[in-house]
Amino acid sequence: MLRYKRHRKSYATCQSRPCYRISKFCKKGVYVKVTIITNKRTCSCFIEDRHDNITKIMMDGKLILSKRKRLPVIQNSEKASIFDAIKNMTFNELTSLLNDIDDEDIKYIYEGIKMNMAVAHIGLDPDNDYGLGVGKTIFKMIKSDDLSALPLKIKAYAAAAADARMAGISKPVMSSAGSGNHGITAILPVYLVADFYKKTMEETAKAVTLSHLTTSFLKSRTGRLSPICGCTVAAGAGAAAGITYLLSQDMTKVEDAIEIHVSNLIGMICDGAKDTCALKVGTGAYEAYNAAMIALEKNGHDIPRGIIGETLEETVDNMAELSNKGMKNVDTIIISLLQNNIL
């Protein structure tokens, strides 16, 4: 007989299927403990901080692997991860990296573009049926190839790629900030706009790179996992930044686009990875384009409104506080609801 336990802090053993139990003592962020029980052996594995960071393995009650949790890094430490390094940078410092892009970087970015476009085309294939078919359905609404159709095309391609990916298609995508769906949202809208306006490879690659950097900038503040949908909000803001930069090279307008996008979709929650992610990816991609267009039309700055601060850094910090503190019970409630659906 094989039994296993899946949980955050507290758990219950099930005879035939996973059982999800949540307690008020749940750890924050990535924390997974899995226990596998057979007639002969019992093994527990602990993952913390990152999805790939195994910190401890127990076999029959004996410790066979132990690794200290990743400690907070000191600014400018050589051992700092990229994620932590970005957290200690201003947006201007981060985006200055665009000046260092070379031919090898451009080639690498285009590999990701081709990868994600290939998955989108699979999701749009009328002979295939993946997930909810969000992308295919929206694509049918497009009746022309002019500028008016571009926003729907962006939404259709992004959603189709998520349709295919969430249905389990065995094809890779380029991720952004550690997430495949973030990568779809961050890359495809920018590339499709670049393709429409016949931008050069270098112009396109720089804009996509800015999208990645912006996505990571927001995710470094909210955390790798958050109650807020990172695909829609963080990667969508990245796409808004990339599109705006592609069409203006104006970093002031880039920041405007990010704040407009965040203002629009900040309340979108994450309730787990599944086929309906295609809906949110499509929304993030579509609204990224709209945010960019609004930013490009803006003249001057408005006074701060809502969670929008005096600077982009302040806005993102406000967003992180809302997510990490104001919505701290959201994950517990969502998992409880999922538990009720499973059992």
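Helix α11 covers residues 312-326 in this predicted model. The helix has 15 residues. From first C-alpha to last, α11 reaches 20 Å, close to the 21 Å expected at 1.5 Å a residue.

Which residues of α11 are buried? They are L312, T315, V316, M319, A320 and S323. Seen down the axis of α11, these buried residues fall within an arc of 135°, so they line one face of the helix. The face turned away from that buried side carries the exposed residues K325 and G326.

Another packed pair is α5 and α6. Helix α5 spans residues 150-166, and helix α6 spans residues 180-196. They pack at an angle of about 150°, with their axes 9 Å apart. The two helices are therefore roughly antiparallel to each other. Their crossing is right-handed. On the α5 side, the contact residues include L150, I154, Y157, A161 and R165. Among those they meet in α6 are G180, I184, L188, L192 and F196.

Now the whole protein. It has 12 helices and five strands. Buried residues make up 44% of its 343 residues. Of the contacts with a separation of 6 or more, 66% come from residues 24 or more positions apart.

Note on methods. Residues are numbered from 1 along each chain as its sequence is written. This is a predicted model: local features need pLDDT of at least 70, side-chain atom pairs count only at pLDDT 80 or more; totals for chains, interfaces and linings use all residues. Side-chain values use heavy atoms; hydrogens and water are left out. Helices (H or I, at least four residues) and strands (E, at least two) are DSSP runs, numbered from the N terminus. The expected span of a helix is 1.5 Å times one less than its number of residues. Buried means under 20% relative accessible area, exposed over 50%, partly exposed in between (1.4 Å probe, protein chains only). The arc is that of the directions from the helix axis to the C-beta atoms. Axes are lines fitted to C-alpha atoms, for helices over the stretch in contact, and angles run from 0 to 180 degrees between N-to-C directions. Angles under 35 degrees count as roughly parallel, over 145 as roughly antiparallel, 65 to 115 as roughly perpendicular and the rest as oblique. A crossing is left-handed if the near helix is turned anticlockwise from the far one by less than a right angle, and right-handed if clockwise. Contact means heavy atoms within 4.5 Å.
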